Amino acid sequence: MNEEFHYKNGELFCEGVPVQQIAAKVGTPVYIYSQNHFLKQHQAIVEGFKEVDPLVCYSVKANSNLGLLRAMALAGSGFDAVSKGEVYRALRAGADPQKIVFAGVGKQPEEIDYALEQGILMFNVESEAELETISKAAAKRKCEAPIALRINPDVDPKTHKYISTGKRENKFGIDIARAEACAKRIKELKNLRLRGLHLHIGSQITYADRHAEAIDKVTPFINSLKKQDFPLEFLNVGGGFGISYHPGEGLPIGDFAKAMAPKIKALGLKMLCEPGRFISGNGGIMLTQVIYDKPSGDKHFLIVDGAMNDLLRPSIYQAFHLAWPVKSPGLPDGAALANNSPLTDKNLGKDAVTYDVVGPICESGDYFALGRKLPKMNDGELLCVFSAGAYGYTMASNYNTRGRPPEVIVDGDKYWVSRQREKLEDLIRGERLTPSETFSAKA
Ligand code: LLP
């Protein structure tokens, strides 16, 4: 959370809009985004890294809302895609194809062909086999495919093991020991143009020296490529800049820039980066409404209308998300996580309760917060789950045949519904009750 989400007169605002008004208009659960947060974070990177002329390619997987992608494209952002669908999405939002990079360990020929046709900036290649496939696709189109080699530098990003990608045991990138052999093969394959190197060592990284170490690890290889006359232009340092889920957890972008920019500059390369969470994470919240208060044994469950299908992160990563009532009369104006969390025990009121905040889904892992002390809440009251702008909606599903929630974009004192709540018809779209055509196993 940050100043874009703040309390005023004891209630939560997103920019200039009381979020309760949005809930009254579109119902709950609902994702609410501050457009200005996205733009501000983008700008912070552009300024923080200005000495290395950065191209920010926002990572679409973090939050792929079309309205937000459009605002980012208008602000000059590029995009990092990992599927044909994400390339399509970015283009539909108005992206410049020359600012799209395409990563992923399993790009398929059809996806590669589509991206070549669109004229993207480059493919981040993750294996020797992929070099061959891209080269073939480019030959077919009689063009040169622009590529970067994604190197696995074997660096520990010190983050959750599911979102660590730069250690040797991870499936991502080319083992640095095999990198020279790849360079040799690129020379042989006439339809490839090596434009840069790519690194992405993990997500939610809160130690700038991790990124710096990754750059150090690939520096000898970059120097060798230069000696071999490869016309390198870019060093893509990936994403991973961590944010504050807990107060004070994330790093200011200046700390990353200080550790990384001089190294990139010394290499004489232009910086490209692919932040997802840094731009979107604290730019979104999920509002949910209390359905039932359920004391049970020594537990006190607060059953809300949002669930793991809407926001999966607590269930699969045991991720912490701050949760707090939308109406919180005792809070000082301006209270927000960025101000070192005034949302602490002194704001709990006399009748605080230690809740397990859980959803309606039929799994015990369906929760937003366990053993969390909150002001006492009643049925029908709104609870805000903060820092839900990254990997929230994009990881939502229809599990338990629940419709996915709407997404609302706030810009100043205006808001609009950028994606509607899924309706019953949406939940069975593409299905049939009986066969329209039957295929026989026999020839
Ligand atoms: N570039 C590549 C190649 C990536 O794989 C990712 C994220 C990013 C950039 C953006 O990383 P960021 O700046 O957002 O850290 N679902 C998990 C996060 C998965 C990250 C996957 N890759 C979560 O909810 O924490």
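Reader: How do helix 4 and helix 5 pack?
Author: Helix 4 (residues 84–92) and helix 5 (residues 109–118) pack at about 25 degrees, axes 9 Å apart. So helix 4 is roughly parallel to helix 5, a label for angles under 35 degrees. The axes are lines fitted to C-alpha atoms over the stretch in contact, with angles from 0 to 180 degrees between N-to-C directions. Helices are DSSP runs (H or I, at least four residues), numbered from the N terminus.

Reader: What kind of model is this, and how are residues numbered?
Author: It is a predicted model: local features need pLDDT of at least 70, side-chain atom pairs count only at pLDDT 80 or more, and totals for chains, interfaces and linings use all residues. Residues are numbered from 1 along each chain as its sequence is written, and side-chain values use heavy atoms, without hydrogens and water.

Reader: Which residues meet between helix 4 and helix 5?
Author: Lys-84, Val-87, Tyr-88 and Leu-91 of helix 4 meet Glu-110, Glu-111, Tyr-114 and Gln-118 of helix 5. Contact means heavy atoms within 4.5 Å.

Reader: Switching to the ligand. How many residues surround it?
Author: 18 residues surround the ligand (a heavy atom within 4 Å). The closest are Ser-203, Gly-240, Glu-274, Arg-313 and Tyr-391.

Reader: What does the Arg-313 side chain do there?
Author: One of its N or O atoms is 2.6 Å from a ligand oxygen. A polar contact is a pair of N or O atoms within 3.5 Å.

Reader: Which ligand atom is by Arg-277, and which by Asp-80?
Author: A ligand oxygen is 2.8 Å from a polar backbone atom of Arg-277. A ligand nitrogen lies 3.4 Å from a polar side-chain atom of Asp-80.

Terms used
Helices (H or I, at least four residues) and strands (E, at least two) are DSSP runs, numbered from the N terminus. Angles under 35 degrees count as roughly parallel, over 145 as roughly antiparallel, 65 to 115 as roughly perpendicular and the rest as oblique. A polar contact is a pair of N or O atoms within 3.5 Å; within protein, one must be able to donate a hydrogen and the other to accept it, and residues adjacent in sequence count only if both atoms are side-chain atoms.
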